[in-house]
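Look at the structure below and follow the chain from one end to the other.

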Amino acid sequence: NIDFTYEVIAYQTHRGQALLQRLPWSVSVAHKLPFVVSGIAKFTKFVDACVTTRRIRGPREKDLFYHLVNEEQGPAGYPDHKLVIENSKVAIVAGSDTTATTLTNLFYNIMTNANVMGMLRKELDEAFPPGEGDPFDFTRLSELPILNAVMFVDIGFFSSLIFLLLF
């Protein structure tokens, strides 16, 4: 069952990435550990099976994979199979792990730094007084310097996607 297999592999892969993202130097060490190498190999094998199945089945809709393999041009326009596998691995992790990891790190870092939390709360309260304005006004949110600084620092220091790219 592909869904069950993905859940097992994704859990193991994401758990490992969550540990490694705290210690960037550990990525090169981890590549020498048999259980890490086998986890990466299982994930790659799973993605390879999905890519192969999709190529055989062909497109049903214009989804991300449609664009990854250039299905508009048909089999003659397909990029190298290994490239599609690597791009698919990045897409899987980017779509499932980075949002959760980023938000977890963001809230943890805000909650463990009272000074930053106070400045951020003040900025948000001034921008969106209780009962006034739309707190989901993304144009307004993008103009808040403290909020954006906190988010950019969090993404820069704690992004999990960078560790997949290093594998």
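Two residues are said to be in contact when they have heavy atoms within 4.5 Å of each other. Among contacts in the protein chain between residues at least 6 apart in sequence, 60% join residues that are at least 24 apart. The model shown is a predicted one. In the protein chain there are ten helices and zero strands. Read along the sequence, the pattern is therefore α-α-α-α-α-α-α-α-α-α.

How confident is the prediction? The average pLDDT of the protein chain is 76, and 72% of the residues score at least 70. Confidence is highest in helix H7, at a mean of 92, and lowest in helix H10 (residues 161-166), at 48. Two stretches call for care in reading. Over residues 1-11 the pLDDT stays under 50, and the model has 13 contacts beyond four places in sequence for them. Over residues 163-167 the pLDDT also stays under 50, with 16 such contacts in the model.

Next comes the division between inside and outside. The protein chain has 167 residues, of which 31% are buried. Its accessible surface comes to about 11000 Å², and carbon and sulfur atoms account for 65% of that surface.

Which residues make up the largest nonpolar core? There are ten of them: Leu106, Ile110, Val116, Leu120, Ala127, Phe128, Leu141, Leu144, Leu147 and Val150. At least two residues of this core come from each of helix H6 (98-111), helix H7 (114-127) and helix H9 (145-158). The most is given by H7, which supplies three residues. Apart from this core lies another one, of nine residues, including Val47, Phe65, Val69 and Val93.

Arg140 leads on to the charged side chains. How many salt bridges does the count come to? The count comes to five. In one of them, the side chain of Arg140 meets that of Glu143, at 3.4 Å from N to O. Arg140 counts as partly exposed because its relative accessibility is 29%, which falls between the limits of 20% and 50%. Glu143 is also partly exposed, with a relative accessible area of 49%.

Another salt bridge joins the side chains of Glu126 and Lys122, at 3.5 Å from N to O. Both residues lie in helix H7, four residues apart, which is about one turn of the helix. Are Glu126 and Lys122 buried or exposed? Glu126 counts as exposed because its relative accessibility is 54%, over the limit of 50%. Lys122 is exposed as well, with a relative accessible area of 54%.

The salt bridge between Glu71 and Arg54 has a distance of 3.0 Å from N to O. This pair links distant parts of the chain: Glu71 is in the loop between helix H4 (64-68) and helix H5 (81-96), while Arg54 is in helix H3 (residues 34-57), 17 residues apart. Both Glu71 and Arg54 are buried. The two also belong to a network of salt bridges that links Arg54, Asp63 and Glu71.

The loop between H4 and H5 also holds Gly74. Gly74 counts as buried because its relative accessibility is 15%, under the limit of 20%. The C-alpha atom of Gly74 is separated by 8.8 Å from that of Gly58, and the two residues are 16 residues apart along the chain.

The last stop is a nonpolar part of the surface. Leu103, Phe107 and Met111 make a nonpolar surface patch of about 340 Å². Phe107 is partly exposed, because its relative accessible area of 48% lies between 20% and 50%.

Note on methods:
Residues numbered from 1 in each chain as written. Predicted model: local features only at pLDDT ≥ 70, side-chain atom pairs only at ≥ 80, totals over all residues. Heavy atoms only, no water. Core = buried A, V, L, I, M, F, W, Y, C linked by side-chain atoms within 4.5 Å. Buried < 20%, exposed > 50% of the residue type's maximum accessible area, 1.4 Å probe, protein only. Salt bridge = Lys/Arg side-chain N within 4 Å of Asp/Glu carboxyl O. Patch = residues over 30% accessible without salt bridge, like charges linked within 9 Å, V, L, I, M, F, W, Y side chains within 5 Å. Areas by Shrake-Rupley, 256 points an atom, 1.4 Å probe, with all protein chains shown as cover. pLDDT = per-residue confidence, 0-100.
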